[in-house]
Amino acid sequence: MGCTPNASHSPVFLLLGFSRARISPNLLFLLFLAIYLATIMGNVTLVLLISRDSRLHSPMYYLLRGLSVIDMGLSTVTLPQLLAHLVSNYPAIPAARCLAQFFFFYAFGVTDTLVISVMALDRYVAICDPLHYHSVMNRRLCARLLALSWMVSIVHTMLHVGLLLPLYWAGDAKGNVNLPHFFCDHRPLLRASCSDIHSNELAIFLEGGFLMLGPCALIVLSYVRIGATILRLPSAAGRHRAVSTCGSHLTMVGFLYGTIIWVYFQPSSQNSQEQDMVASVMYTAITPLANPFVYSLRNKDVKSALHRLLGWGKVISLPKSHFG
């Protein structure tokens, strides 16, 4: 695809992802507003519970609190702008803001996947080596793992932003470039470019694939060992308790990694732009919304902490857990 003389490094992008939707913009606005508010309220509640209740001061909840903060950031990067564009006749975003949104979306998104893999490691130590759990998964190690996740994510994101900067986009007579998406995501930006994008595609499959493969391998190996340990437990009650502590995490792992692989690691010809956008809605809006509810509704400690916070009667006292 060749670039025309009016091609530019810094066009104005028109985000037209929902312009052909069969649902009215007003209804979409109310739907995404409800999703965004529920996401913020659910994650803020979880952060407050974990911060205030000493019974939740364990490594697992420390990581879960970090995940909630990331989920709020991931939603805030995309959904407020979508809401503004749904009530606008000109859903435009300048190139500089588009790249900034791309940077923060990628940074939050990649950190999200890395923290979920760290949570798998936490479950592995808790179930396979419970006697040393608090000495191994202490607060210092958790903080370092979270910091490392952020560092890897930012370096990864800067690489892909750097590969986008030299690209040209050919716009219309007014310099506008149509993006059939609701935010500045990687695939739509590459599809709309008139430049050679082979280096970008190669980076997605090689560097991005390696970054996905590492956490996926850690999660798979952790749960293989966890499964073997659970099968050796003598009591059915112990096996049920171990499975219940991992079920929520496995649900979100499958949901998040499945949608990401669907969008980013298939050849461009294998999936349509509409399918990409549906999958993007799942991991930018639905996953951050679901995380606090999936992790809390099946968790007695979190439900007990919520009851204590709201003062809903006397709750049975649970033993305190401490960071090592």
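The model is predicted: local features need pLDDT of at least 70, side-chain atom pairs count only at pLDDT 80 or more, and totals for chains, interfaces and linings use all residues. Residues are numbered from 1 along each chain as its sequence is written, and side-chain values use heavy atoms, leaving out hydrogens and water.

**Annotated spans**
- An unreviewed UniProt entry places the feature "transmembrane region" at residues 27–50, 62–83, 103–125, 145–169, 202–224, 245–265 and 277–297; such annotations may be inferred rather than shown by experiment.
- Residues 103–125 are 100% helix and 0% strand, with end C-alpha atoms 33 Å apart. Helices (H or I, at least four residues) and strands (E, at least two) are DSSP runs, numbered from the N terminus.
- Residues 202–224 are also 100% helix and 0% strand, and their end C-alpha atoms lie 31 Å apart.

**Helix H3**
- H3 (residues 95–128) has 34 residues and should span 50 Å at 1.5 Å a residue, which agrees with the 49 Å between its end C-alpha atoms. The expected span is 1.5 Å times one less than the number of residues.
- In H3, 26 of the 34 residues are buried (under 20% relative accessible area, 1.4 Å probe, protein chains only).

**Residue Ile50**
- Ile50 sits in helix H1 (residues 25–52) and is buried, with a relative accessible area of 1%.
- The C-alpha atoms of Ile50 and Val302 are separated by 8.1 Å, although the two are 252 residues apart along the chain.
- Leaving aside residues up to four places away in sequence, Ile50 touches Leu56, His57, Tyr61, Leu64 and Arg65 (heavy atoms within 4.5 Å).

Definitions and conventions. Buried means under 20% relative accessible area, exposed over 50%, partly exposed in between (1.4 Å probe, protein chains only).
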